[in-house]
Amino acid sequence: MSTGINARLNLISADENSTLILGAGTAAKSSYVYFNIAADPKGMIKFEHNADDTLNRMQFYTRDNDQNTLVLHGNGRAGLGYGTGTPTALLHLNGIDASG
């Protein structure tokens, strides 16, 4: 692993399969992957661990991490939000202008 302007993490395996594991200390913790420009956050993937696998969820954030645009739930459901930072239904539309 390297640091600096052109830092990168290479996962290399002799059998052509590579694995990145982000582990949380307990089931009540989360794992994160951040996408920044310099120190400015632009997106994030968050996985919320739960002792009950059906309550796990993976969330995709955009726009400086303030818009939770997609949520994948451990029970197989997904929520897609448009115009909302917290989708609460399978498809959550907020602030749609009917004039187009």
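Residues are numbered from 1 along each chain as its sequence is written, and side-chain values use heavy atoms, with hydrogens and water left out. In this predicted model, local features need pLDDT of at least 70 and side-chain atom pairs count only at pLDDT 80 or more, while totals for chains, interfaces and linings use all residues.

Visitor: Over how many bridges do S1 and strand S2 pair?
Guide: Strands here are DSSP runs of E with at least two residues, numbered from the N terminus, and two strands pair if DSSP finds at least two bridges between them. S1 covers residues 30-37, and S2 covers residues 40-48. Tyr34 stands opposite Met44 in S2, and Val33 stands opposite Ile45.

Visitor: In the hairpin of S1 and S2, which residue takes a positive phi?
Guide: This hairpin has two residues between the strands. The positive phi, near 55°, belongs to Ala38.

Visitor: Is Ser31 buried or exposed?
Guide: Ser31 lies in strand S1, and, leaving aside neighbours within four places in sequence, its contacts (heavy atoms within 4.5 Å) include Leu22, Ile45 and Phe47. A polar atom of the Ser31 side chain lies 3.2 Å from the backbone oxygen of Leu22. Relative accessible area is called buried under 20%, exposed over 50% and partly exposed in between, using a 1.4 Å probe and protein chains only. Because the relative accessible area of Ser31 is 9%, this residue counts as buried.

Visitor: With which side chain does the side chain of Gln59 make a polar contact?
Guide: Gln59 is buried, with a relative accessible area of 2%. A polar contact is a pair of N or O atoms within 3.5 Å; within protein, one must be able to donate a hydrogen and the other to accept it, and residues adjacent in sequence count only if both atoms are side-chain atoms. At 3.4 Å, the side chain in polar contact with that of Gln59 belongs to Tyr61.

Visitor: Which residues are linked in a network of salt bridges?
Guide: A salt bridge is a side-chain nitrogen of Lys or Arg within 4 Å of a carboxyl oxygen of Asp or Glu, and the structure holds three of them. One of these joins the side chains of Lys42 and Asp40 (3.1 Å, N to O). The side chain of Glu48 meets that of Lys46 (3.2 Å, N to O) and also that of Arg57 (3.0 Å, N to O). The residues linked in the network are Lys46, Glu48 and Arg57.

Visitor: What separation do the C-alpha atoms of Arg57 and Val71 have?
Guide: Arg57 has its place in strand S3 and, at 26% relative accessibility, counts as partly exposed. Not counting residues up to four places away in sequence, Arg57 touches residues including Val71, Leu72 and His73. Arg57 and Val71 are 14 residues apart along the chain, and their C-alpha atoms are separated by 6.7 Å.
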